[in-house]
Amino acid sequence: MPQPQQGPQACGPQVPQQPAHFHEPQQPQQFQPLPHPQVQQPHVPQQAAYAQGNQQPYEFQYPQQLPAFPHPQAQQPHVPQQAAYTHGAQQPHEFQQHQAQIPEPRIPTDAHHTTAYGHQAAEPPAEATPGPAESAPHTRRGHHRWAGLVKAVALCAATAAAGMLVLRGTAALDGLDLDRAPAAAPDTSAAAAAAPLAAGSVPDPGRIVQIVAHPDDDLYFMNPDLRYSISAGHPVTSVYLTAGEADGVNAAPAKGATTVPDKPAYAEARQNGIRAAYAKMATGDRASAWQRTVVPTKGGGHAEVDVLVAKPQVNLVWLQLREAGHGYADVPDSLHGLWNGKVARLDSMLSSGTPVKQRFAYSKDQVVQTLVGVLEQYRPTTVRFQDPTPGRYPDSKQYTDHQDHFYGARFVQLATAAYAKDVKDRPHFAVQNYVGYVNGSLPSALDPQEAKEKLDSLDTYAWLDRQNHCGSDAGCGDLKVSDQPAGNRWTDTVNYARGTGTNWLTSDKDHGLWAFKVLDGQVAVWHRTGPVGPWRGPDLLPGTGMDPGVTAVTLKDGRIAVFGTRTSFGARPTDYRREVVHTVQQAPGADGFGEWQSLGTPETADETSTSDISAPAVSVDGTGQLAAYVRDGSYSLRGRLQRPDGGWGPWEKHGGEDLHGSPVTATDGAGRRMVLAATSRTVVGWAQPKAGAPLGRVTATGLPDTTLPLTVEGREGGVRLWFRKPGSGNVRTALMTADDGLKVNNMTDLGGLNGFGSVTASGHVLAGRAAGGQLGAEVGPGRPWGRSPLMFVGAPSSTMTGKNMVSLAVVGLDARLYVTSSADAPNAYLAPWQPIGPRNSRP
C-alpha cells in the first residue's frame, strides 16, 4: 500500500470559511497517563475520493474558557489517485455557536469494543517505545501536545466535511473533551424529573459501545440492533478484540487449498469488509470515506481507530490481538489461554494495512485496563457485548459458542466492573448481552424484511462482487463467508442472552410504582409514591456484579422481593461463578431493602457448563409459598422452594430437555403455580395440581415453535401466555389452564409491528420491540398498533396500578427510565412518555 508522505498538515478538500480564533479552556482534570506519540499516517483507499481530515466523533461542548495548545505538525495524509484537492497547510477557520467556544476533545486511551475518537494519534518511534507494562506517564507538556493535536485534527475534520460541525444532534460527541471540569452530581430531587416527552419528540439517544471478539460478530449476532442505532443517528462505536486472522486464507472453501495463507492480509480484508458494511448502513455507500488513525491505549499498546467521515458518530476500534483460530480446541495463545493463565501475555496480530506499526502484547490485566480506558473515554450509556456463559452441547460437551466470544465477554465483564467502581465522573450505563452460534438451532426471530436487511450487511462484508472499491491489495471483504453470508441461519434471527424478563415494574398497595433495572452492575431502584406522587431514583442498591435482568415479585405480606443473578470472579480463573441472589424490602412501601442473599446455583463448576444458568423465574402461590426456577446448563428446569421458616430447600430437578432462554411463571385464579419454558420446537410446562402442592411433571403443550422470550400473567382464571411467531414477529397468545392437567386454550394471533424480543402485557396494554427498534404498543383488542420514538435496552415491563390504570416502562439507550400510563378502558390511549430523573448524558 502507498506509504504516507512527510509534509505539512493537510486537511483534504477545502470549503471557504472565515478565518477564526480558538480560545482556550482552563485545565481541569488530569488525563490518563499515555506514551508520547507522533502523528501517524491514516490509510486512504486508492480509488476513494473523499475528505482526508479526521472527524470529531462526539458532540462539541461549549465551556466558557479554553486554553491555548501548540499545534504539532502532522504527516500529510496520502491522497487517493483519483481525488483532486488541495494539499497545502490550511488556515484555521472559526466556528461560532452562540458565541461559545469549542473545547478540546478528550483523547481515548484504549481500543476495545465501541469507541469514538477521531483525532490523529500516533505511536512512539519503535526504538523509544516502552513495553506495555512500561508506558511513560504523560507530562504536562505531553498533555498539551495531545490536546493541540486533537484540536488540529478536529479543525481538519470540520474543514474537510464543510459543515460537519453541525453534529449537535448526536450525544456521542460529548465524551471526548480532553479538558473538562468534573460533572456536577446528579440532581435527584422531584424537580429534576423532566417533563413528559412531547408527541413525536425523540428522547436522548445515549451513547452505545459494542465490544465483540471478531470482525463480523456484530453483524451476525447484534444486528438488527446495530443497524437500528446507526439508522437513528445514534453515536455507535464498535470495538474488536482480536484481528480475526484465523488461518490467513481469504478464499471461499472451494479455493482455500490453493490460496496462500497471509494472516495480516486476511485481517485487513475483514476490516475492509466491516468498514464497507458500516458505511453502507450509515450512508448507503459502502465506499464512504473512513479516517484511520493510531491511538495509544491504557494497557500500554496501540489501537487503530476509524471514523466514518460522513457520519463521524460511527467509529470502529481495532485492538488487533491474536484470535484462537478454533472454536473450542485448546489454544494457549488466545483470550481463553490468557484468561486461564496458560500464557502470561497475548501478542498482537497487526493487519497489513493498519497504521499501527509497533507490535505489543497484553497481560490479562492490561486487556482489562485497555477496555476500561475505552469506556472511560467514550462514557457509554449502553454497553453491548457477547454472552459470557453460553453453555455446552449436551451430547458433544463442546462449547455452544466460540471460545473467543465468551472469554472476550468475560474480559468485558471485568472491565465494566472496574469502570463502574473506579470511574466516578461518568453516566450510568446498562448492559445488553447477545446469543451467538446457538442461534442457528433456534426458531427465526426476524421477519423476512428484517432478515433481508441483516443479510445485506453480510453480503457487503463478504465482498460478493469482488470489485476493488476499497483500493486494498488484501481485498475488500471476507471471502471465507462469501459462499454462505447468512452463516448458520444467523441472519434470520437475534436473541438476547440476558435481560428478557418483563416483571421489573410493579405496584404497591398505595398505587405507588417501583422499577428495578441493572445499571453499572448494581440494581437501580426508581420509586413513585402513590398514584401521583413524585418520583425518586435511580438509587443503586448496595452490591455489585449483578447481571442484566431482574424480576420483582410481591410477597404475601406486601413486601417486594427482587431476584436476579450475580457474577463473581474469585482469585483463580476457575472461580468464575454465576449464582441466583435476592433481596427483600424491609417493610411494605419502605425504601430500604435487605442485604443480597444467595440461593447458589445448580451448576457446581464453571468448567462443566460455563456457569450457564438462566435468569430466575419467581412466583408466589396461593399459600404464600415463594419459588424460584432456572434453566440449568443441561437445558432442564431446576427450582428451589422457600420453607415456612424463611430458609430454602435444595435445587430440585423438574426435568424437561432442550430448554432455551429463561422460564416464566405465574399463578392462576386458584393460586396454582405454572411454569412455562420454550424449546427449539415448542413450549413445555409444569403446573401444581393445587396451591401448596409440589410442581407436577413436565407436560407438552402442543403449541407450535416460538421465538425464545415468553411472557405470562395470571388472568381469566388461568395463566395467559404471550409469545412471538417465528419468521414474523407477530404476537400470539394462549390461555393456559390447570384443571385436570395443563391445557392450552384458544391460541390467537394478535398481529403487531414485526420486531423481536419480549412483549409485556397488563390490562388492555400489550407492548414490545417493533421493527426499527422502537417500542410498539396495542392499547386494546382490535386497536391499531402504535409506535413510540423510544429505543430501549432489554425488555419493557408493565403493571396494573390499582384496578383501572396500566403503567408501562422501558429503560432507554440513554440508561434512563421512561414511564407512561393508560386507563384500563376501551378507547383509552397511552399518555406522553415521562423521563424519570435527570438526563444521563449531556445534550
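**Exercise 1. Contacts and the whole chain**

Task: Among contacts in the protein chain between residues at least 6 apart in sequence, what share joins residues at least 24 apart?

Solution. 
- Start with the term: contact means heavy atoms within 4.5 Å.
- Among contacts between residues at least 6 apart in sequence, 67% join residues at least 24 apart.
- Note the source: this is a predicted model, where local features need pLDDT of at least 70, side-chain atom pairs count only at pLDDT 80 or more, and totals for chains, interfaces and linings use all residues. Residues are numbered from 1 along each chain as its sequence is written, and side-chain values use heavy atoms, with hydrogens and water left out.
- Next, take the elements: the protein chain holds 9 helices and 36 strands. Helices (H or I, at least four residues) and strands (E, at least two) are DSSP runs, numbered from the N terminus.
- Finally, take burial: 62% of the 843 residues count as buried. Buried means under 20% relative accessible area, exposed over 50%, and partly exposed in between (1.4 Å probe, protein chains only).

**Exercise 2. The largest nonpolar core**

Task: Which residues of the largest nonpolar core touch the most other members?

Solution. 
- Define the set: a nonpolar core is made of buried Ala, Val, Leu, Ile, Met, Phe, Trp, Tyr and Cys residues joined through side-chain atoms within 4.5 Å.
- The largest such core has 52 residues, and L219, I230, I274, Y278, W526 and L817 touch the most other members.
- Helix α4 (residues 263-283) gives the largest share of this core, 6 residues.
- A second, separate core has 44 residues, including V239, L335, L338 and V383.

**Exercise 3. An open sheet**

Task: In what order do the 4 strands of the open sheet lie?

Solution. 
- Apply the pairing rule: two strands pair if DSSP finds at least two bridges between them.
- The order is β14-β15-β16-β17, with antiparallel pairing.
- The edge strands are β14 (551-554) and β17 (597-600), and each pairs on one side only.
- β15 (residues 560-568) and β16 (residues 577-584) pair in the antiparallel sense over 8 bridges.
- G564 has V581 in β16 as its bridge partner.

**Exercise 4. Salt bridges**

Task: How many salt bridges does the count come to?

Solution. 
- The rule is a side-chain nitrogen of Lys or Arg within 4 Å of a carboxyl oxygen of Asp or Glu.
- By this rule the count is 37.
- Take R270 and D478: their side chains meet in a salt bridge at 3.5 Å, N to O. The pair links distant parts of the chain, with R270 in helix α4 and D478 in the loop between α8 (448-462) and β10 (505-507), 208 residues apart. Both R270 and D478 are buried.
- Take R292 and E304: the closest N and O atoms of this salt bridge are 2.5 Å apart. R292 is in strand β3 (residues 290-296) and E304 in strand β4 (residues 302-308), so the pair ties together parts 12 residues apart in sequence. R292 and E304 are both buried.
- Take D456 and K452: their side chains meet at 3.3 Å, N to O. They are separated by about one helical turn because they are 4 residues apart in helix α8. D456 is partly exposed, with a relative accessible area of 25%. K452 is partly exposed too, at 46% relative accessibility.
- Shared partners join E268, R275, R292, E304 and D306 into one network of salt bridges.

**Exercise 5. Helix α6**

Task: How many of the 15 residues of α6 are buried?

Solution. 
- The count is 12 of the 15 residues, so α6 is largely enclosed by the rest of the structure.
- Among the buried residues are Q366, V367, L371 and Y378.
- Just after α6, R379 takes a positive phi of about 45 degrees.
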